Amino acid sequence: MLWISFPLLSKRSQFNAARRGNTRKASWPFLFLCLALIFSCTGSGASPTNTTCTGEQLTQLEQSMTSTLISTPTDTDFTLMLESADGRTYSVSTGASTSATSYESASTSKLVTAVVILSLVDQGTTTLTLDSKPQDLISFWTPMVGTPASKVTLRHLLSFTSGFMTEPDPVSPALLGCLDRQIQIFEDCVQQIYNTNKDNNIEPGGQFYYSSTHLQIAGLMAINAGGYPSWTKVFDDFKLRTGLFSHSTYDLPSATNPRLAGGMHWTGEDYLEFLRTLYKGQLLSDNMRKELWASQRGSATVESSPVRDALSEDWPYALGNWVECANSSSNCVPTGRNSGPGAYGAYPFIDVKKGYFGILARQGALGTFRNGIALFRTVQDTAGKWATKSCGN
């Protein structure tokens, strides 16, 4: 800080000087210039708090993350991979986990499914839009005009506000529901979802309910809009066009009846490449990316939210992904991060505000949703500094 001292006269000195008749008027222009120098040099009197990290400091941040992660007790092996906007990468693995390990997706497939469908909308090669309705593309979807079932759109389905949230009961206690059966015709399962929910009189957009049913309907709309024989062919076409997910597939409970909300196997390498391409704007148009990341929940009441249940936080939902908030109140303050965590604790995210993305790849027991998020949060502040190269106090 630059200090400039000014000679001050005591009252007695001022009085004596006045008696001698040699007092001087203050040089105000000079005084203002000096004050300006003070504030311009000090930033209004405050010391700078952030400086750009040196290479050594970035290495120290990486070492700090690694030390924290490997010393934190966890329920399963994991691989964390991060990448900054300027292309810097960081990764750490524990136990048998690697970037090439194949993991069951659980709900991390929701973001993938949404992007695959939105890419069809974006291409304009089909009649599919966010305002498309199931009855436009699905023959058995025949609700009465004006009923809630007749008002459902693709947007409602991708944002889980369609009202079609109840999974069909198995036909007998000895059988699984159609979403979990390997030998099951995909279209027939969607018809069961329709029959189960068509008369519930829930207005689309009125309730947010986290369920696998919405994406199954959206998937059949995409299949029929593009003239595909199956979801596998939809995904194969996406992979061919983009070069993504070369080691990943939708195969749970089976390839012929994939659960689009949670039925993938992927590798961390594949998923990180997907996030990179999405972050760089190479998958969807600008307008479609805005739709993808923006909260679509509106005024819907929250009837089912694993984030609320596990973290006591109220994250709105976009299209196949969550809009993370900085607090747990209903007044969401977006952090600039969107994510798609899964029930086994995997945690993929894109942080636009801090300019980085990444995935915590892991497969714990079913219901360990919060464990992956909790683990990443042990290094999240350090990761933010690493991504933005912000060091200092």
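First, my rule for polar contacts: a pair of N or O atoms within 3.5 Å, where within protein one must be able to donate a hydrogen and the other to accept it, and residues adjacent in sequence count only if both atoms are side-chain atoms. I'm working on a predicted model, so local features need pLDDT of at least 70, side-chain atom pairs count only at pLDDT 80 or more, and totals for chains, interfaces and linings use all residues. Residues are numbered from 1 along each chain as its sequence is written, and side-chain values use heavy atoms, with hydrogens and water left out.

**Asn-321**

I looked up Asn-321 and found a polar contact of 2.8 Å between its side chain and that of Asn-338. A polar atom of the Asn-321 side chain also lies 3.0 Å from the backbone oxygen of Leu-292. Where does Asn-321 sit? It is in the loop between helix H12 (306–311) and strand E9 (322–325); helices (H or I, at least four residues) and strands (E, at least two) are DSSP runs, numbered from the N terminus. Is Asn-321 buried or exposed? It is buried, at a relative accessible area of 0%. My classes are buried under 20% relative accessible area, exposed over 50% and partly exposed in between (1.4 Å probe, protein chains only). Not counting residues up to four places away in sequence, Asn-321 touches Leu-111, Leu-292, Trp-293, Asn-338 and Ser-339, a contact being heavy atoms within 4.5 Å.

**Ser-119**

Next I checked Ser-119, in helix H4 (residues 109–123). Ser-119 is buried too, with a relative accessible area of 4%. Neighbours within four places in sequence aside, it is in contact with Phe-238, Arg-241 and Leu-284.

**Rings**

I counted 27 aromatic pairs; rings of Phe, Tyr and Trp (its six-membered ring) pair if their centres lie within 6.5 Å, with planes under 30 degrees apart counted as stacked, over 60 as edge-to-face and the rest as tilted. Phe-245 and Tyr-271 have ring centres 6.2 Å apart and planes at 85°, so I logged the pair as edge-to-face. Phe-245 lies in the loop between helix H9 (231–242) and strand E6 (249–250) and Tyr-271 in helix H10 (residues 268–279), so the pair ties together parts 26 residues apart in sequence. Phe-245 is buried at 0% relative accessible area, and Tyr-271 is buried at 0% as well.

Tyr-279 and Phe-357 make a tilted pair, 5.3 Å centre to centre with 40° between the planes. This one links helix H10 to strand E12 (residues 356–362), 78 residues apart. Tyr-279 is partly exposed at 25%, while Phe-357 is buried at 1%.

I also noted one aromatic cluster, with Trp-231, Phe-238, Phe-245 and Tyr-271 among its members.

**Whole chain**

The chain has 14 helices and 13 strands, and 48% of its 393 residues are buried.

Last, confidence: pLDDT, the predictor's confidence in each residue from 0 to 100, averages 88, and 86% of the residues score at least 70. Over residues 1–48 the pLDDT is below 50, and I found 18 contacts for this stretch beyond near neighbours in sequence.
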